[in-house]
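My entries follow in the order I made them.

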Amino acid sequence: MDVKLDPSRDDLPLMANTSHILVKHYVLDLDVDFESQIIEGTIVLFFESGNRFKKRSSSTEVACLSESNEACKFRMPEPCQIPVTNTKTFSSKIGYNDFVICGKGEKDTSGKDGNHDNQEQASGISSSKYCCDTGNHGSEEFLLVLDCCDISVLKVEEVDVAAVPGIEKFTRSPKLRNQIVHELVALPADRWREQLDYYALCSQAPGCGELLFDTDTWSLQIRKTGAQTATDFPHAIRIRYRTKPQGRSVTWTSDQSGRPCVYTVGSPINNRALFPCQEPPVAMSTWQATVRAAASLVVLMSGENSAEPTQLREGYSSWHYYVTMPMPASTFTIAVGSWTEMKPEICSSNDLATERSFSPSEADFRYVGVCGHMEYPCRFQNASATTQKIIPHRVFAPACLKRVCQETLLPLIPPCLSAAHSVLGTHPFSRLDVLIVPANFSSLGMASPHIVFLSQSTLTGMSQLCGTRLCHEIAHAWFGLAIGARDWTEEWLSEGFATHLEDVFWAKAQQLAPHEAREQQKLRACLRWHRLQDEVQNSPEEMQVLRPNKEKTGHVSDSGSSVIRHGLNPEKVFMQVHYLKDFLQMLLENIPEEKRLELSVGNIFRDWLESSGIPQPLQRERQALAECGLAQQVSAEVAKWVRVNRRPRKRKRKDREEVFEKLLPDQLVLLLEHLLEQKTVTPRTLQSLERTYHLSEQDAEVRHRWCELIVKHKYTKAYRDVERFLQEDQAMGIYLYGELMLSEDPRQQHLARRCFELSREQMDRSSAAVVAEMLF
């Protein structure tokens, strides 16, 4: 069966054959080179095969994804015996041309360093672009398929784990390499440190034979001659590879101080352009990574340890991180840049006592709770961790943001962490780094194990936006990371819970009284209703469905491969429906018990998850939300502004001046949304609005609505606010470009094009694609 995939299509393929073999651990050893904008080095994969994989007959068809119907003709490389590679001192300057074998007559698309595109011929394989032919080898051979894109693979080899001193303790037959890996992978949780040490030693062991490999648009395919089943296939392999500057998993850019940096952007293709991996969520693995970079740089990563740099040769340092909790490879995160750790000016001894870190080695494995997951050093079974309200945390940002981080972000982290603990209990992760990422970050926040990225847009105005977004990302430690969907199309599982919990956490962090918390949550629900209604009216119906695969959700092919519906659609990144179509608050708080009993799994699926538009129960709740006290206060203020707007320029002296109430940031957002519904708002009224509420100094949510008012009513005096927003708040400014173009006003269209040209090179690729379509 030939399967052709078009990378420009909406759907994202997950190619890894996870039903046959699973990666249990990754060891990465990488060099980061900002001059070439390349990350290169090795990755060692340790596998575990299933017990149901039997030798397949020669008649079995193997689906191999390629751009041609020709047969794969893998060529056997010469046997390779190389000395042990010390990955800690491995130089990024070593040439790899010796490992590249180009077919005769085929155009060599490699650069001066011998790299090849994913679609082109790579090391160890003859020259054509192929689909696999497994009939030329006497019997069919097992084919390992990894998710891989925008990577130059230079060499793949089996690792001789039997050569590691002391490894004989893991097996009675030290020459059986796969048995050694099996025993190493199966070590009990209380031996996690020993396990990590031996993973590291094994990753530095010599190679014992090159493996055949091929690459296509979305995958890396590897086989070993004579290995006919997953059980026979090497269970420890080393891949030498090099990323590409245009790779979509990371972005090379400049921070707010103008210094170069690189970070994982939460790309639709996840990490497959950073390292070959198994992407499906079922592929749960641990990892450890050593990363070398210039000594002036800081390397942050999803890891349990707060790494400190080790000085290497002059001008370079090395950072090492590890994770012992099995996670999908998509959650691996890295950020390298001139980050500065932001510390509070005053740190009390009480804070230090509260934040003491508990490593897995200190775990008191009295079973505080019963966990049903695979064995690992779990904090939920650590009696000490269960009482830790505030986990150790650090904040990093460019030095130019030091003051605003100290004033806005640092004071919020302890109460938000404590609030989360009071609601959900034990923090799943032992520590937290928070990084303020560059302006081109396409979201307000992103959570990964042990690290959260926040947009600079969260730092402006009052603490409301920063606090709620921080609470949202903290909630993802439970929903999205510790607990995740088996099918990535079901984002509502993590985003719905996190959206609900951000309100709960934030109310507790502010120490609100119960009635104040309810009022605030109703107001935010009202705002979400407005946003959802707007999105439903302005987006394709098929993009509004939360469970697009319906009854086939979670289904995969026999090999484990699958497709994520709309996974490559650039507009999907900006859709909010899986955040906003949040039935949890209504279900858990707003529906009387007798009504709740009418709900069933079937009608929740049908009405909320598998249909477009706004569910009827939510439409019925709209009026109740609008009647909350905070929303009614806004309605009264709207009425005042409508009266002001209707007054003639020269009004009579007996007219009373309107007295406006002070409003919360969320109330300001609702006020501006109501005013957006007015057909005409005069420049005089807009000027008065700005002066009354100091709108240009408010948080990004408020300023976004203010910019919409400016654009709608062509308020030229405030165009500078729109320009600033498009430059500094790229995570939220995308659709402002569309509004500027739809106005058909030449000056607004010129403003949009000028701002885009200024930020285009640094802009997130999905954002740039959406904006370019609007403008040209």
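Predicted model: local features only at pLDDT ≥ 70, side-chain atom pairs only at ≥ 80, totals over all residues.

Entry one, helix H6. At 1.5 Å a residue, residues 464-475 should span 16 Å, and I read 17 Å between the end C-alpha atoms, which agrees.

I repeated the length check on residues 746-759. The 14 residues should span 20 Å at 1.5 Å a residue, and the end C-alpha atoms are 20 Å apart, which agrees. Next I asked which residues of H20 are buried. I listed Gln 748, Gln 749, Leu 751, Ala 752, Cys 755, Phe 756 and Ser 759. Looking down the axis of H20, I saw the buried residues fall within an arc of 155°, so they line one face of the helix. I then looked for what covers the buried residues of H20, and the cover includes helices H17 (700-712), H18 (719-728), H19 (734-742) and H21 (765-775).

I found ten of the twelve residues of E4 (residues 38-49) buried, so I wrote it down as mostly covered. I looked up its pairings. Strand E3 (residues 21-33) runs antiparallel to E4, joined by twelve bridges. Across this pairing, I found Leu 30 opposite Gly 41 in E4. The two strands form a hairpin with four residues between them, and Gln 37 in the turn has a positive phi of about 55°. E4 also pairs with strand E11 (residues 236-243), again in the antiparallel sense, over seven bridges. There I noted Arg 238 in E11 as the bridge partner of Val 44.

I located Glu 141 in the loop between strand E5 (64-65) and strand E6 (144-147). Is Glu 141 buried or exposed? Its relative accessibility is 4%, so Glu 141 counts as buried. I followed its side chain to the backbone nitrogen of Gly 226, at 2.8 Å. Leaving aside neighbours within four places in sequence, I listed the contacts of Glu 141 as Arg 223, Lys 224, Thr 225, Gly 226, Ala 227 and Gln 228.

Methods:
Residues numbered from 1 in each chain as written. Heavy atoms only, no water. Expected span 1.5 Å × (residues − 1). Buried < 20%, exposed > 50% of the residue type's maximum accessible area, 1.4 Å probe, protein only. Arc of directions from axis to C-beta. Contact = heavy atoms within 4.5 Å. Polar contact = N/O pair within 3.5 Å; in protein donor to acceptor, adjacent residues only side chain to side chain. Pairing = 2+ DSSP bridges.
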